[in-house]
Amino acid sequence: MSKEPVEGAKGKSVKEKSSEGKVLNVFSHGVLVIWAILVVLPLLWAIMASFKTDDSILSTPWALPDKLHFENWSRAWSQAHMSDYFLNTILVVGGSLIGTLLLGSMAAYVLARFDFPGNRFIYYLFIGGMSFPIILALVPLFFVMNNMGLLNTRHGLIMVYIAYSLPFTVFFLTSFFRSLPSSVAEAAMLDGASHTRTFFQVMLPMAKPGLISVGIFNFLGQWNQYLLPTVLNTDPKYRVLSQGLVELANGQGYKGDWSGLFAGLVMAMLPVLAAYIIFQRQVVAGLTAGAVK
(Lines give C-alpha, C1' and ligand atoms only; values in the text may rest on other atoms or scores of the structure.)
Protein backbone atom coordinates (compact mmCIF):
# COMPACT_ATOMS: atom_id res chain seq x y z
CA MET A 1 0.00 0.00 0.00
CA SER A 2 2.82 2.40 0.75
CA LYS A 3 4.46 1.94 -2.66
CA GLU A 4 1.48 3.02 -4.77
CA PRO A 5 1.63 6.76 -3.97
CA VAL A 6 5.35 6.74 -4.63
CA GLU A 7 4.85 5.06 -7.99
CA GLY A 8 2.02 7.47 -8.75
CA ALA A 9 4.21 10.41 -7.84
CA LYS A 10 6.98 9.05 -10.02
CA GLY A 11 4.59 8.55 -12.92
CA LYS A 12 3.30 12.08 -12.53
CA SER A 13 6.79 13.52 -12.43
CA VAL A 14 7.71 11.65 -15.63
CA LYS A 15 4.61 13.00 -17.36
CA GLU A 16 5.36 16.52 -16.17
CA LYS A 17 8.94 16.27 -17.43
CA SER A 18 7.71 14.94 -20.75
CA SER A 19 5.23 17.80 -21.17
CA GLU A 20 7.85 20.35 -20.14
CA GLY A 21 10.25 18.85 -22.68
CA LYS A 22 7.63 19.10 -25.43
CA VAL A 23 6.89 22.75 -24.57
CA LEU A 24 10.59 23.58 -24.54
CA ASN A 25 11.08 21.75 -27.83
CA VAL A 26 8.22 23.66 -29.48
CA PHE A 27 9.52 26.96 -28.09
CA SER A 28 13.09 26.36 -29.27
CA HIS A 29 11.93 25.31 -32.74
CA GLY A 30 9.72 28.38 -32.92
CA VAL A 31 12.63 30.66 -32.06
CA LEU A 32 14.79 28.95 -34.71
CA VAL A 33 12.05 29.36 -37.34
CA ILE A 34 11.67 33.07 -36.53
CA TRP A 35 15.43 33.55 -36.65
CA ALA A 36 15.64 31.72 -40.00
CA ILE A 37 12.88 33.93 -41.43
CA LEU A 38 14.65 37.09 -40.25
CA VAL A 39 17.88 35.94 -41.93
CA VAL A 40 16.57 34.36 -45.13
CA LEU A 41 13.87 36.85 -46.12
CA PRO A 42 16.18 39.91 -46.49
CA LEU A 43 18.62 37.77 -48.48
CA LEU A 44 15.91 36.52 -50.84
CA TRP A 45 14.50 40.03 -51.20
CA ALA A 46 17.94 41.41 -52.13
CA ILE A 47 18.39 38.66 -54.75
CA MET A 48 14.91 39.33 -56.13
CA ALA A 49 15.53 43.10 -56.26
CA SER A 50 18.78 42.60 -58.16
CA PHE A 51 16.76 41.24 -61.12
CA LYS A 52 14.12 44.01 -61.13
CA THR A 53 14.00 47.50 -62.59
CA ASP A 54 14.38 50.61 -60.45
CA ASP A 55 10.71 51.53 -60.92
CA SER A 56 9.46 48.11 -59.84
CA ILE A 57 11.74 48.11 -56.79
CA LEU A 58 10.17 51.38 -55.58
CA SER A 59 6.57 50.79 -56.70
CA THR A 60 6.14 47.05 -56.00
CA PRO A 61 9.03 46.07 -53.71
CA TRP A 62 7.53 42.69 -52.68
CA ALA A 63 6.38 41.60 -56.12
CA LEU A 64 8.33 39.15 -58.24
CA PRO A 65 10.22 40.62 -61.21
CA ASP A 66 8.35 40.62 -64.52
CA LYS A 67 11.49 39.13 -66.08
CA LEU A 68 15.10 38.55 -65.05
CA HIS A 69 17.05 41.72 -65.83
CA PHE A 70 20.59 40.38 -66.09
CA GLU A 71 21.74 43.76 -67.39
CA ASN A 72 21.72 44.94 -63.76
CA TRP A 73 24.51 42.49 -62.98
CA SER A 74 26.51 43.33 -66.09
CA ARG A 75 26.15 47.06 -65.37
CA ALA A 76 27.32 46.64 -61.79
CA TRP A 77 30.18 44.36 -62.88
CA SER A 78 31.55 46.66 -65.59
CA GLN A 79 30.32 50.24 -65.17
CA ALA A 80 30.43 50.25 -61.35
CA HIS A 81 33.89 48.55 -61.39
CA MET A 82 32.72 45.68 -59.21
CA SER A 83 35.05 43.40 -61.18
CA ASP A 84 38.08 45.42 -60.01
CA TYR A 85 36.84 45.48 -56.43
CA PHE A 86 36.18 41.75 -56.58
CA LEU A 87 39.69 41.00 -57.83
CA ASN A 88 41.31 43.20 -55.16
CA THR A 89 39.26 41.53 -52.44
CA ILE A 90 40.17 38.03 -53.62
CA LEU A 91 43.88 38.88 -53.72
CA VAL A 92 43.90 40.59 -50.32
CA VAL A 93 41.69 38.08 -48.50
CA GLY A 94 43.36 35.07 -50.16
CA GLY A 95 46.87 36.23 -49.24
CA SER A 96 45.93 37.22 -45.70
CA LEU A 97 44.01 33.98 -45.12
CA ILE A 98 46.97 31.83 -46.15
CA GLY A 99 49.36 33.89 -44.02
CA THR A 100 47.01 33.87 -41.03
CA LEU A 101 46.49 30.10 -41.07
CA LEU A 102 50.18 29.35 -41.60
CA LEU A 103 51.55 31.68 -38.91
CA GLY A 104 48.64 31.07 -36.53
CA SER A 105 48.92 27.28 -36.71
CA MET A 106 52.69 27.38 -36.17
CA ALA A 107 52.37 29.66 -33.13
CA ALA A 108 49.44 27.68 -31.72
CA TYR A 109 51.30 24.37 -32.11
CA VAL A 110 54.33 25.67 -30.20
CA LEU A 111 52.20 27.16 -27.43
CA ALA A 112 50.12 23.99 -27.11
CA ARG A 113 52.88 21.35 -27.31
CA PHE A 114 56.03 22.86 -25.81
CA ASP A 115 56.72 24.09 -22.28
CA PHE A 116 59.21 26.95 -22.12
CA PRO A 117 59.65 30.11 -20.04
CA GLY A 118 57.14 32.73 -21.11
CA ASN A 119 54.72 30.27 -22.72
CA ARG A 120 51.73 31.46 -20.74
CA PHE A 121 52.77 35.10 -21.09
CA ILE A 122 52.89 34.90 -24.89
CA TYR A 123 49.58 33.04 -24.96
CA TYR A 124 47.88 35.70 -22.86
CA LEU A 125 49.35 38.39 -25.09
CA PHE A 126 47.45 36.85 -27.98
CA ILE A 127 44.33 36.67 -25.81
CA GLY A 128 44.78 40.35 -24.95
CA GLY A 129 44.95 41.16 -28.65
CA MET A 130 41.41 39.85 -29.03
CA SER A 131 40.09 42.36 -26.50
CA PHE A 132 41.93 45.36 -27.98
CA PRO A 133 39.56 47.50 -30.13
CA ILE A 134 41.03 47.98 -33.58
CA ILE A 135 39.63 51.51 -33.74
CA LEU A 136 42.11 52.61 -31.05
CA ALA A 137 45.04 51.50 -33.21
CA LEU A 138 43.95 53.17 -36.44
CA VAL A 139 45.85 56.44 -36.00
CA PRO A 140 49.23 54.95 -34.94
CA LEU A 141 48.74 52.16 -37.50
CA PHE A 142 48.22 54.75 -40.24
CA PHE A 143 51.49 56.52 -39.42
CA VAL A 144 53.40 53.24 -39.11
CA MET A 145 52.14 52.08 -42.50
CA ASN A 146 52.92 55.50 -43.99
CA ASN A 147 56.49 55.47 -42.67
CA MET A 148 57.01 51.97 -44.07
CA GLY A 149 55.58 52.92 -47.46
CA LEU A 150 52.76 50.38 -47.19
CA LEU A 151 49.77 52.70 -47.54
CA ASN A 152 47.52 52.11 -50.56
CA THR A 153 49.13 48.74 -51.34
CA ARG A 154 47.66 45.26 -51.41
CA HIS A 155 50.57 43.66 -49.53
CA GLY A 156 50.32 46.30 -46.80
CA LEU A 157 46.63 45.54 -46.32
CA ILE A 158 47.42 41.80 -46.29
CA MET A 159 49.93 42.30 -43.48
CA VAL A 160 47.41 44.30 -41.44
CA TYR A 161 44.71 41.66 -41.96
CA ILE A 162 47.10 38.94 -40.80
CA ALA A 163 48.01 40.88 -37.65
CA TYR A 164 44.34 41.62 -37.01
CA SER A 165 43.30 37.95 -37.33
CA LEU A 166 46.20 36.22 -35.54
CA PRO A 167 44.95 36.57 -31.92
CA PHE A 168 41.70 34.70 -32.51
CA THR A 169 43.42 32.14 -34.77
CA VAL A 170 46.07 31.33 -32.16
CA PHE A 171 43.48 31.17 -29.39
CA PHE A 172 41.26 28.80 -31.38
CA LEU A 173 44.01 26.51 -32.70
CA THR A 174 45.88 26.28 -29.39
CA SER A 175 42.89 24.59 -27.78
CA PHE A 176 42.51 22.40 -30.85
CA PHE A 177 46.15 21.21 -30.87
CA ARG A 178 45.90 20.38 -27.17
CA SER A 179 43.01 18.02 -27.92
CA LEU A 180 45.02 16.03 -30.49
CA PRO A 181 46.70 12.82 -29.27
CA SER A 182 50.37 13.33 -28.46
CA SER A 183 51.20 9.67 -29.11
CA VAL A 184 51.15 10.25 -32.89
CA ALA A 185 53.72 13.05 -32.66
CA GLU A 186 55.87 10.98 -30.30
CA ALA A 187 55.79 8.05 -32.75
CA ALA A 188 56.88 10.35 -35.58
CA MET A 189 59.76 11.69 -33.46
CA LEU A 190 60.86 8.14 -32.64
CA ASP A 191 60.93 7.36 -36.38
CA GLY A 192 63.41 10.19 -36.86
CA ALA A 193 61.11 13.00 -37.99
CA SER A 194 62.17 16.52 -37.05
CA HIS A 195 59.87 18.97 -35.30
CA THR A 196 59.21 20.73 -38.59
CA ARG A 197 58.38 17.53 -40.44
CA THR A 198 56.22 16.30 -37.57
CA PHE A 199 54.25 19.52 -37.64
CA PHE A 200 53.70 19.80 -41.39
CA GLN A 201 53.25 16.11 -42.25
CA VAL A 202 51.60 14.71 -39.10
CA MET A 203 49.98 17.29 -36.84
CA LEU A 204 48.82 19.83 -39.42
CA PRO A 205 46.78 17.26 -41.44
CA MET A 206 45.19 16.08 -38.18
CA ALA A 207 44.18 19.68 -37.45
CA LYS A 208 42.34 20.07 -40.76
CA PRO A 209 38.84 20.46 -39.18
CA GLY A 210 40.12 23.20 -36.89
CA LEU A 211 41.93 24.95 -39.74
CA ILE A 212 38.79 24.94 -41.87
CA SER A 213 36.67 26.27 -39.01
CA VAL A 214 38.96 29.13 -38.09
CA GLY A 215 39.58 29.76 -41.80
CA ILE A 216 35.86 30.28 -42.39
CA PHE A 217 35.63 32.70 -39.45
CA ASN A 218 38.64 34.66 -40.68
CA PHE A 219 37.31 34.64 -44.23
CA LEU A 220 34.01 36.14 -43.08
CA GLY A 221 35.73 38.82 -41.01
CA GLN A 222 38.26 39.76 -43.67
CA TRP A 223 35.82 39.67 -46.59
CA ASN A 224 33.41 42.03 -44.79
CA GLN A 225 36.13 44.27 -43.36
CA TYR A 226 35.44 47.95 -44.02
CA LEU A 227 37.17 50.06 -41.37
CA LEU A 228 40.76 48.99 -42.06
CA PRO A 229 40.70 49.37 -45.87
CA THR A 230 38.89 52.70 -45.59
CA VAL A 231 41.70 54.14 -43.46
CA LEU A 232 44.70 52.39 -45.03
CA ASN A 233 43.59 52.02 -48.64
CA THR A 234 42.40 55.31 -50.14
CA ASP A 235 43.61 54.65 -53.70
CA PRO A 236 40.55 53.89 -55.92
CA LYS A 237 42.67 51.40 -57.86
CA TYR A 238 43.02 49.11 -54.82
CA ARG A 239 39.56 49.40 -53.28
CA VAL A 240 37.95 46.22 -51.96
CA LEU A 241 34.31 45.16 -52.20
CA SER A 242 33.11 46.83 -49.02
CA GLN A 243 34.54 50.15 -50.21
CA GLY A 244 33.12 49.58 -53.68
CA LEU A 245 29.59 49.05 -52.36
CA VAL A 246 29.75 52.25 -50.36
CA GLU A 247 31.12 54.10 -53.40
CA LEU A 248 28.33 52.64 -55.52
CA ALA A 249 25.68 53.78 -53.02
CA ASN A 250 27.18 57.27 -52.58
CA GLY A 251 27.90 57.76 -56.28
CA GLN A 252 24.29 57.32 -57.36
CA GLY A 253 23.39 60.94 -56.72
CA TYR A 254 20.04 61.59 -58.38
CA LYS A 255 20.31 58.61 -60.75
CA GLY A 256 18.95 56.11 -58.23
CA ASP A 257 20.49 52.95 -59.68
CA TRP A 258 18.96 50.71 -57.04
CA SER A 259 18.96 47.61 -59.23
CA GLY A 260 22.70 47.94 -59.85
CA LEU A 261 23.29 48.48 -56.14
CA PHE A 262 21.39 45.32 -55.20
CA ALA A 263 23.24 43.38 -57.91
CA GLY A 264 26.57 44.50 -56.46
CA LEU A 265 25.38 43.63 -52.96
CA VAL A 266 24.44 40.10 -54.01
CA MET A 267 27.80 39.72 -55.77
CA ALA A 268 29.54 40.51 -52.50
CA MET A 269 27.39 38.06 -50.54
CA LEU A 270 27.60 35.04 -52.85
CA PRO A 271 31.22 34.00 -52.06
CA VAL A 272 30.50 34.09 -48.33
CA LEU A 273 27.36 31.96 -48.71
CA ALA A 274 29.13 29.52 -51.02
CA ALA A 275 32.07 29.11 -48.65
CA TYR A 276 29.83 28.35 -45.68
CA ILE A 277 27.56 25.97 -47.64
CA ILE A 278 30.56 24.01 -48.94
CA PHE A 279 32.40 23.79 -45.61
CA GLN A 280 29.50 23.76 -43.11
CA ARG A 281 30.17 20.16 -42.01
CA GLN A 282 33.87 20.87 -41.48
CA VAL A 283 32.99 23.97 -39.45
CA VAL A 284 30.76 21.97 -37.10
CA ALA A 285 33.36 19.20 -36.87
CA GLY A 286 36.08 21.72 -36.01
CA LEU A 287 33.99 23.36 -33.31
CA THR A 288 33.14 20.05 -31.63
CA ALA A 289 36.40 18.17 -32.17
CA GLY A 290 37.99 19.40 -28.96
CA ALA A 291 34.91 18.77 -26.80
CA VAL A 292 35.59 15.07 -26.26
CA LYS A 293 39.03 13.49 -26.06
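Visitor: Among contacts between residues at least 6 apart in sequence, what share joins residues at least 24 apart?
Guide: In the protein, 74% of those contacts join residues at least 24 apart; contact means heavy atoms within 4.5 Å. This is a predicted model, where local features need pLDDT of at least 70 and side-chain atom pairs count only at pLDDT 80 or more, while totals for chains, interfaces and linings use all residues. Residues are numbered from 1 along each chain as its sequence is written, and side-chain values use heavy atoms, with hydrogens and water left out.

Visitor: How many helices and strands are there?
Guide: The protein has 13 helices and 0 strands. Both are DSSP runs numbered from the N terminus: helices are H or I with at least four residues, strands are E with at least two.

Visitor: What percentage of the residues is buried?
Guide: Of the 293 residues, 36% are buried. Buried means under 20% relative accessible area, exposed means over 50%, and partly exposed is in between, using a 1.4 Å probe and protein chains only.

Visitor: Which residues touch the most other members in the largest nonpolar core?
Guide: W73, M82, F219, W223 and L241 do, in a core of 27 residues. Such a core is a set of buried Ala, Val, Leu, Ile, Met, Phe, Trp, Tyr and Cys residues joined through side-chain atoms within 4.5 Å.

Visitor: Which helix gives the most to this core?
Guide: Helix 13 does, with 8 residues. Helices that each supply at least two residues include helix 1 (3-49), helix 4 (82-113) and helix 13 (258-288).

Visitor: What does F219 touch?
Guide: Leaving out residues up to four places away in sequence, F219 touches V93, L97, P271, V272 and A275. There is also a second, separate core of 18 residues, with L138, L151, V170 and V240 among them.

Visitor: New topic. At what angle do helix 8 and helix 9 cross?
Guide: The axes of helix 8 (residues 182-190) and helix 9 (residues 195-206) cross at roughly 145° and come within 10 Å. Axes here are lines fitted to C-alpha atoms over the stretch in contact, and angles run from 0 to 180 degrees between N-to-C directions.

Visitor: Which residues make the contact?
Guide: Helix 8 uses V184, A185, A188 and M189, and helix 9 uses H195, T198, V202, M203 and M206. They divide into 7 nonpolar, 2 polar and no charged. Ala, Val, Leu, Ile, Met, Phe, Trp, Tyr, Cys and Pro count as nonpolar, Asp, Glu, Lys and Arg as charged, and the others, Gly among them, as polar.

Visitor: Where does N152 lie, and what is its phi?
Guide: N152 lies in the loop between helix 6 (138-147) and helix 7 (154-179). N152 has a positive phi of about 60° although it is not a glycine. Most residues other than glycine have a negative phi.

Visitor: Why does N152 count as partly exposed?
Guide: Because its relative accessible area is 25%. In space, N152 is 10.0 Å from T230, C-alpha to C-alpha, though the two are 78 residues apart in sequence. T230 sits in helix 11 (residues 227-232).

Visitor: And H81, where is that?
Guide: H81 is in the loop between helix 3 and helix 4. H81 also has a positive phi of about 60°, and H81 is partly exposed at 41% relative accessible area.

Visitor: Last one: is N119 buried or exposed?
Guide: N119 counts as buried, because its relative accessibility is 6%. N119 is in helix 5 (residues 119-131) and touches V110, L111 and F114, not counting residues up to four places away in sequence.
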